[in-house]
Amino acid sequence: MKNFTKAVMVAVMMSCLPGAYAQKQRSPEFQNKYKLKEAVVLSRHNIRSPLSDSKSDLGRMTSGEWTKWTAPKSELTLRGGALETMMGQYFRKWAENAGLFPENYTPTADDLNVIANSMQRCIATARYFTSGFMPTGDVVVNHRYLLSKMDPLFNPQLTKVSPAFREAALKEVNALGGKKGLRGVNEQLAPDYNFMMEVLDVKNSPMGQSNDPKLQGLTNYDTEIVLEPFQEPHFKSGSALKELNSASDAFILQYYEEPDSVKAAFGKKLSRKDWERLAHVKDVYQDVLFTTPMIAANVARPLVQYMYDELRSPDRKFTFLVGHDSNLSSVATALGVEEYELPNAIEKKTPIGSKIVVEKFIGADGQEYGDINIVYQNVDQLRNMTLLDLDNPPEIYPLSIKGLERNADGLYKMADLMARFENALRAYDAL
């Protein structure tokens with residue numbers, strides 16, 4: 001991608017260093033050597049209001065007052081819509097610069113495909129993105145069900161659950177916490193839990209003052225995961241990881257939405273590292289539920305198949321899929337993406353509005369090459385609503401695939417990248 005702002009080789013070398021990253025710039029020499037043929041983008045929706053409102057347990061566990069959101073619970077906020085439009089504008093400039101589309105192009109059903117999960121926040125994200133991406137293109141945003149019904153394409157549900165699968169998957173999950181299993185995961189998070197409860201001021205909250213029985217769940221480390229057919233992996237109620245995840249989610253969104261960071265922290269002055277601690281709970285929650293190998297292979301299968309098919313479509317130039325953080329997490333794991341932590345983000349794996357971008361190139365040698373990156377607005381771009389263009393791009397972080405090597409120009413062989421999709425599909429078949 002043009003203006004992924006450092007040289008490709010520097011990006012590759014830096015991506016091998018722990019905690020390092022680079023944005024990559026496609027030089028004129030690169031563009032002369034490689035022609036971008038197609039991009040498939042898997043996006044998380046942009047800023048939404050929390051899944052629970054202030055009258056729920058979320059509201060009762062704090063003495064503070066949550067932000068007055070510009071949208072009903074779970075829906076895209078006004079700020080989220082504006083930020084996604086800015087992302088679309090950036091992708092328009094990138095696509096035109098890369099020669100994928102001419103300016104003011106009117107797409108066909110063959111070369112452009114946009115599909116969103118049938119949730120308001122996903123449909124709205126897709127429409128805001130396309131209004132920036134092709135403002136004169138009359139782009140159709142496809143969604144297959146009535147509003148607020150999960151599309152199986154994006155629903156991270158388990159479709160194969162046998163006794164053998166459950167036993168092996170739970171073994172993988174418990175390994176995350178060492179000998180103590182999920183209790184060990186909770187104990188590792190205990191400092192973050194305690195910090196979050198201080199910021200929430202739980203002891204002076206309605207829940208704390210009434211000695212609500214649900215208060216016990218905030219310090220219960222005996223988390224149980226439920227793996228049932230045609231359900232998302234989920235935790236039983238009444239444990240710290242489940243109950244405090246909702247507060248972590250709300251804090252993250254409030255930090256993005258509320259310009260006054262002190263007000264967003266209920267009157268407390270928090271550092272960026274403090275906000276990362278609050279977000280860490282949600283990151284771990286996602287990892288436990290969706291990034292162990294067997295669970296990822298199970299829940300990611302529909303999107304892996306869809307992306308694979310789109311990359312093989314001879315006429316397709318751009319595919320935009322809008323779902324959820326669980327979709328990005330599980331697909332990345334299923335494809336064998338190496339562990340990473342994103343810089344300049346408080347959510348370290350799949351920040352709000354982030355996008356996994358798979359590019360397909362034709363080289364001057366006639367061979368196909370590919371690349372995979374995650375593109376996201378950094379914290380300052382989100383909070384300041386920064387306009388994006390080729391001179392001020394979003395963050396672009398290279399994702400490394402286990403066992404695959406890049407060439408001297410920083411690209412994978414497309415056949416090797418496609419083989420990873422095929423491996424993920426075979427892993428599902430083997431469950």
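Tutor: Helices (H or I, at least four residues) and strands (E, at least two) are DSSP runs, numbered from the N terminus. The model is predicted, with residues numbered from 1 along each chain as its sequence is written, and local features need pLDDT of at least 70. Side-chain atom pairs count only at pLDDT 80 or more, while totals for chains, interfaces and linings use all residues; side-chain values use heavy atoms, without hydrogens or water.

Student: How many helices and strands does the chain have?

Tutor: The chain has 16 helices and eleven strands. Its C-alpha trace spans about 70 × 50 × 45 Å along the principal axes.

Student: What percentage of the residues counts as buried?

Tutor: Buried means under 20% relative accessible area, exposed over 50%, partly exposed in between (1.4 Å probe, protein chains only). Of the 431 residues here, 58% count as buried.

Student: What share of the contacts in the chain with a separation of 6 or more comes from residues 24 or more positions apart?

Tutor: A contact is heavy atoms within 4.5 Å. Residues 24 or more positions apart supply 76% of the contacts with a separation of 6 or more.

Student: Take a single residue. Where is Ile225 found?

Tutor: Ile225 belongs to strand 5, residues 225-226. Its relative accessible area is 13%, so Ile225 is buried.

Student: Which residues does Ile225 touch, not counting those up to four places away in sequence?

Tutor: With that exclusion, Ile225 touches Leu170, Val173, Leu182, His234, Phe235, Val288 and Leu289. For a sense of scale, Asp416 is 191 residues from Ile225 along the chain, and their C-alpha atoms are separated by 35 Å.

Student: How is a pair of packed helices read?

Tutor: Two packed helices are described by the angle between their axes and the distance between the axes. Axes are lines fitted to C-alpha atoms, for helices over the stretch in contact, and angles run from 0 to 180 degrees between N-to-C directions.

Student: At what angle do helix 7 and helix 11 pack?

Tutor: Helix 7 (residues 181-200) and helix 11 (residues 272-290) pack at about 155°, and their axes are 9 Å apart. That makes helix 7 roughly antiparallel to helix 11; angles under 35 degrees count as roughly parallel, over 145 as roughly antiparallel, 65 to 115 as roughly perpendicular and the rest as oblique. On the helix 7 side, the contact includes Leu182, Val185, Leu189 and Tyr193. The helix 11 side includes Arg277, Leu278, Val281 and Val288. Leu182 and Val288 are also among the residues that Ile225 touches.

Student: What is the angle between helix 7 and helix 9?

Tutor: Helix 9 (residues 240-257) packs on helix 7 at about 50°, with the axes 11 Å apart. The two helices are therefore oblique to each other. Asn186, Leu189, Tyr193, Met196, Met197, Val199 and Leu200 of helix 7 meet Ala240, Leu241, Leu244, Ala247, Ser248 and Phe251 of helix 9. Leu189, Tyr193 and Met196 also belong to the contact with helix 11.

Student: Now a loop. Is Ser354 buried or exposed?

Tutor: Ser354 counts as buried, at 0% relative accessibility. The residue lies in the loop between helix 14 (325-334) and strand 8 (355-363). Beyond four places in sequence, Ser354 is in contact with Leu42, Ser43, Arg44, Leu328, Ile374, Val375 and Tyr376.

Student: Where does Gly353 lie, and which residues does it touch?

Tutor: Gly353 lies in the loop between helix 14 and strand 8, and at 0% relative accessibility Gly353 counts as buried. Its contacts, leaving out residues up to four places away, are Ser43, Arg44, His45, Asn46, Glu84, Met87 and Val375. Lys160 is 193 residues from Gly353 along the chain, with 30 Å between their C-alpha atoms.
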